[in-house]
Amino acid sequence: MKTYPINLVLQDKLAILVGAKGEIVHKIAGLLDVGAIVRVIAPSAAAEVETRARTGAIEWLRRRYQPGDLKGAAVVFAATNNPAVHDLIWAEGAANNQLVNVMDVLDRCNFHGVSTFRRGLLTVAIGTGGAAPALAVTLRQRLEQEIGPEYAEFLEYAQRLRPVVQRRIRPFRRRVEFWYALVESEALAALRSNDDAGFTRIVDELMARYSAASIQEETAKEREPAIV
């Protein structure tokens, strides 16, 4: 089944994990990283879960799942080694219109996790539709070697530059051309080499070029004869 990729905003949203040992434990760090409220339901747990619960980073209900436990959750993960429990979780989640992922049980998922890494504002996510998560991890590790911290630096600068571009370069089509030209230039290579002066020079040259083109277009339009 084909899926539509999205990035979820889980800040201050409840994420429930039913099960607390094995691969499901690795979900916790990523959920906390995006500001989710994490609740774990399991009678026993891995040491990492116990530590996080003890420090108050997560909530741990030390018991088995009970129907009704998923109330209020934005997203649910489950891994209990009990198919009957998985069926109950899936049924409750479906009734609540919740996002549910019973790990390694494809027909009990309405979304699939992806392997991700971040470089500042840049998020790279690789998914295999649940077919081979190991392949997603392998590809992610390769890309991590190729996409370095210069991408985070570039995006921080781009975020600050955007209102300047909006003001100086018109119309929209010209702004699009500017951004593609900047990305395809040697700007990233300059940041990779810690050549801040070179990066600034490239930006200034492109800004001047596309600003001038904008002015020329506006002047030409002003000179066009009015149609009576």
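Helices (H or I, at least four residues) and strands (E, at least two) are DSSP runs, numbered from the N terminus. I'm using those labels throughout these notes.

**Setting up.** I'm looking at a predicted model, where local features need pLDDT of at least 70, side-chain atom pairs count only at pLDDT 80 or more, and totals for chains, interfaces and linings use all residues. Residues are numbered from 1 along each chain as its sequence is written, and side-chain values use heavy atoms, with hydrogens and water left out.

**Gly19.** I started in the loop between strand S1 (14–18) and H1, where Gly19 is found. Gly19 has a relative accessible area of 9%, so it is buried; for these notes buried means under 20% relative accessible area, exposed over 50%, and partly exposed in between (1.4 Å probe, protein chains only). I then checked Gly19 against Ala79: they are 60 residues apart in sequence, yet 5.2 Å apart in space, C-alpha to C-alpha.

**Pockets.** On a 1 Å grid over the protein atoms alone, a pocket is an open set of points where a 1.4 Å probe fits, with protein on both sides within 12 Å along at least five of seven lines; lining residues have an atom within 4 Å of a point. Grid points are joined across faces, edges and corners, and a volume is the space filled by probe spheres set on the points.

The largest pocket holds about 2,000 Å³ of space. It is lined by 50 residues, and the closest to its centre are Lys27, His112, Gly113, Val114 and Ser115. Several elements supply at least two lining residues each, including helix H1 (27–33), strand S6 (115–119) and helix H4 (133–146). I sorted the lining by class and got 26 nonpolar, 16 polar and eight charged residues. Here Ala, Val, Leu, Ile, Met, Phe, Trp, Tyr, Cys and Pro count as nonpolar, Asp, Glu, Lys and Arg as charged, and the others, Gly among them, as polar.

The second largest pocket comes out at about 420 Å³. Gly19 turns up again here: with Ala20, Ala79, Thr80 and Asn81, it is closest to the centre among the 21 lining residues. That lining splits into 10 nonpolar, seven polar and four charged residues.

**S6 and S7.** S6 and S7 run antiparallel and are joined by five bridges; strands pair if DSSP finds at least two bridges between them. Arg118 has Thr123 of S7 as its bridge partner. Two residues sit between the strands of this hairpin, where Gly120 takes a positive phi near 65°.

Asn97 is not a glycine but has a positive phi of about 55°. It sits in the loop between helix H3 (83–95) and S5, and it counts as exposed because its relative accessibility is 73%. Asp104, also not a glycine, has a positive phi of about 70°. I placed Asp104 in the loop between S5 and S6, exposed at a relative accessible area of 79%. I also noted a cis peptide bond between Arg170 and Pro171, with omega about -5°. Pro171 lies in the loop between helix H5 (150–168) and H6.

**H6.** Which residues of H6 are buried? They are Arg174, Arg175, Phe178, Trp179, Ala181 and Leu182. Seen down the axis of H6, they fall within an arc of 160°, so they line one face of the helix; the arc is that of the directions from the helix axis to the C-beta atoms. On the other side of H6, I have Phe172, Tyr180 and Glu184 as exposed.
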